[in-house]
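Welcome! Please take a look at the structure below, and then let us walk through a few of its features together.

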Amino acid sequence: MRLTPEEVEHVALLARLELTEEERERFTTQLNSILEHFEQLRQLDTTGVPAMSHAVAISNVFRDDAPEPSLSREQALGNSPDQASNCFRVPRVIE
Amino acid sequence: MSGPTQTYNLTAHELSDLLGERKISARELLDSVWGRITELEEHLHSYILLTRELAEQQADEVDRGRARGEQLPRLAGIPIGLKDIYCTRGVETTCGSRILAGFVPPYDAHVIARCREHGLVFLGKTNMDEFAMGSSTENSSRGVTCNPWDLARVPGGSSGGSAAAVAASEAIVAMGTDTGGSVRQPASFCGVVGLKPTYGRISRYGVIAFASSLDQVGPITKDVQDCALMLNVLAGHDPRDSTSINQPVPDYTAALRPDAKGLRIGLVKEFMEYQGVGVDREVGQAVRAAVARCQELGAECDEVSLPHLNYSIPVYYIIAPAEASSNLARYDGVQYGHRTRERVTDIIEMYRKTRDEGFGAEVKRRIMLGTYTLSAGYYDAYYLKAGQVRTLIRRDFDRAFERFDLLVGPVSPSVAFRVGEKVDDPVAMYLSDVCTIPANLGGLPGMSIPCGFSADGLPIGLHLVGKPLGEETMLRAAYAYEQSTNFHRRLARPIELSDGRRRAVARA
């Protein structure tokens, strides 16, 4: 499996990253060398082995559905780079 | 001149005794450590941000409490360095990244709140690899931290600022985080003690996420007793972290006994030799000598093989970037942090320019890698396969722990490497975590303690790995070993080093 610069560009779009030409070339080489390193996992037969997604067997931790104090509007908006009318402001999404 | 009698060179437990006996005030202690920071920061750069005003308020508060005759917590008045990954109310928190420049959290991480309750004094935010992705602290957007034992070398990473600060007595204790070795490896490179607890033992609430199934909080200290005291402050259930373990917390200092009688210790073959390549000779020798010492202290030692550890690196570098690519999707220039100032025509372009400007090369590389391995058509070959091998690694550990109470080996295959040596070769950099990663994959507690020095005078760390919630056994063995040695008492002399360097430069 060898990644092409075009595939790297597609992954960058999925990841919402913008790469310069130089970055695209460098990442293509580096990602290929990392993916090559991953190939050794193929040697292992893992048929029937469950995948481990977490180290502790805890599931479905719930709390009572009761209101609790939370951040104020001012606090929640306090770090936003752009805001208007008590909302986060973003570039136009709908034409 | 710096020496063992300087206030800043003492341990937290020694200073706590002096504070309790009123032989020193919290303010005097702070002033001593601040003097050290002023003297050293230009050479070391352990800190991203210093919070002197806050520290003075906190120290004065402790002194007032004591003057009123209040019973104060054991570590009240002890100055602490905080990795810049912890959300700290009212204090800029950047995670070493441009994308979070200027972010001032409106709340405290659970462990930060615990430290405040216990009266610890906040010196500032320590340097780190951006989003904790790295093994050398060279990936910080705020510049490199130097190793106090040799300024031309890295302090390790990602908690390199915290480890360097403690090693140089720019802090008495510090906090790091460990996703693949980020507490233990810098502790080893800097000759101090670092502990990563069992996954879930310490709450991750308010810790900026990297790889959520692996991330853990851990203390970095000057000796094992300080480490146990810090764990007493940090451990415990927190309902705000749904992976937090709801089990009673022991007094970890009660486990500290100066013998290792009856402990069964296994030296892990794959820690000494990954895929047939051995660790550096001096590192191997120091670790074998440490095992022999444990035997003298009453432990039963033997070698053990955990064959699937030979796959730790590919498993980790699939799982961690996959989780990171998802966790870091939140940095979109909308709710907090950096947003591009360039003109954009739509929101996707805004996201892409913002993230391009905000993230450094290693973070982008891992986001790309994680996005790719999770993308349609590749999930089974990479992420699912890695999860299955992770199960095999955990099974190897479970089997080994039927025979042994503790597993040991080196923390890293080498001593601290030179600044710039591995920064352009991601795979070589990734291999420096080969001994520490398995404990994260297994969710197991791990620890680094000093066990010797190379011929060049660089620290070597002994790595201990315990059973789930086996912190007490680990601390007991670490304490017994430490008390039989003097490695933890040796002091780094960064000022003399930089003076020597200046003289050398002047001569040249």
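## About the model

This is a predicted model, in which local features need pLDDT of at least 70, side-chain atom pairs count only at pLDDT 80 or more, and totals for chains, interfaces and linings use all residues. Residues are numbered from 1 along each chain as its sequence is written, while chains are lettered from A and ligands numbered from 1 in the order in which they are written.

## Where the two chains touch

Chain B brings 52 residues to the contact and chain A brings 40 residues; two residues are in contact if their C-beta atoms, placed from the backbone, lie within 7 Å. On the side of chain B that touches chain A, the largest share, 11 residues, comes from α13(B). Helices here are DSSP runs (H or I, at least four residues) and strands likewise (E, at least two), numbered from the N terminus.

## Tyr311 of chain B

Tyr311(B) sits in the loop between β10 (300-304) and α10 of chain B. Is Tyr311(B) buried or exposed? Tyr311(B) counts as buried because it has 24 C-beta neighbours inside 10 Å (20 or more is buried, 12 or fewer exposed, and in between partly exposed, with C-beta atoms placed from the backbone).

Leaving aside neighbours within four places in sequence, Tyr311(B) is in contact with Gln40(A), Leu41(A), Leu44(A) and Val389(B). Val389(B) also belongs to α13(B), where it takes part in the contact with α10(B).
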